[in-house]
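Open the structure in your viewer and keep the selection panel at hand. The stops below say what to select next and what is there.

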Amino acid sequence: MEKLIIPEQDIINALCVYISRKKQIQPQDVEVELMYDDEYGFSAEVYWEGRKQVLITVNLIEALRLWLDEFLNRDPYSGIELVLDDEEGIIAVIN
């Protein structure tokens, strides 16, 4: 099976759904900013109802597993690799 590339916007969408389920709010009420740091790796800041939470790489992977399972009907335990692409931004490569 060929690799699947999940673009940055779909990663953001996955995080919106992930947080909305955890906080019992609507996905459209969540704002997400993806980040990459050489020392800390991938993370995201999420905002809802005047609050802010920082998510680390493991949270991003968990959100992508949810997205793969429920929205793409793919195996959520496939290998997921986050990649910083010069042109595409932060993407996920699914094996």
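Which residue of strand 3 stands opposite Glu31? Select Glu31 and look across to strand 3: the residue opposite is Tyr47. Bear in mind throughout that this is a predicted model.

Next, select residues 41–48, which make up strand 3, together with strand 2. Seven bridges join the two strands, and they run antiparallel.

The three strands form an open sheet in the order 2-3-4, with antiparallel pairing. Strand 2 (31–37) and strand 4 (51–56) are the edge strands, each pairing on one side only. From one strand to the next, the twist averages 20°.

Keep the sheet in view and select residues 8–23, which form helix 1. Helix 1 packs on the sheet and touches strand 2, strand 3 and strand 4. The direction of helix 1 makes about 120° with that of strand 2.

Then turn to helix 2. Helix 2 also packs on the sheet, touching strand 2, strand 3 and strand 4. Its direction makes about 90° with that of strand 4.

Is Asn59 buried or exposed? Asn59 has a relative accessible area of 18%; because buried means under 20%, Asn59 counts as buried. Select Leu15 and Tyr18 as well: Asn59 touches both, leaving aside residues up to four places away in sequence.

How values were computed: Residues are numbered from 1 along each chain as its sequence is written. This is a predicted model: local features need pLDDT of at least 70, side-chain atom pairs count only at pLDDT 80 or more; totals for chains, interfaces and linings use all residues. Side-chain values use heavy atoms; hydrogens and water are left out. Buried means under 20% relative accessible area, exposed over 50%, partly exposed in between (1.4 Å probe, protein chains only). Contact means heavy atoms within 4.5 Å. Two strands pair if DSSP finds at least two bridges between them. Helices (H or I, at least four residues) and strands (E, at least two) are DSSP runs, numbered from the N terminus. Axes are lines fitted to C-alpha atoms, for helices over the stretch in contact, and angles run from 0 to 180 degrees between N-to-C directions.
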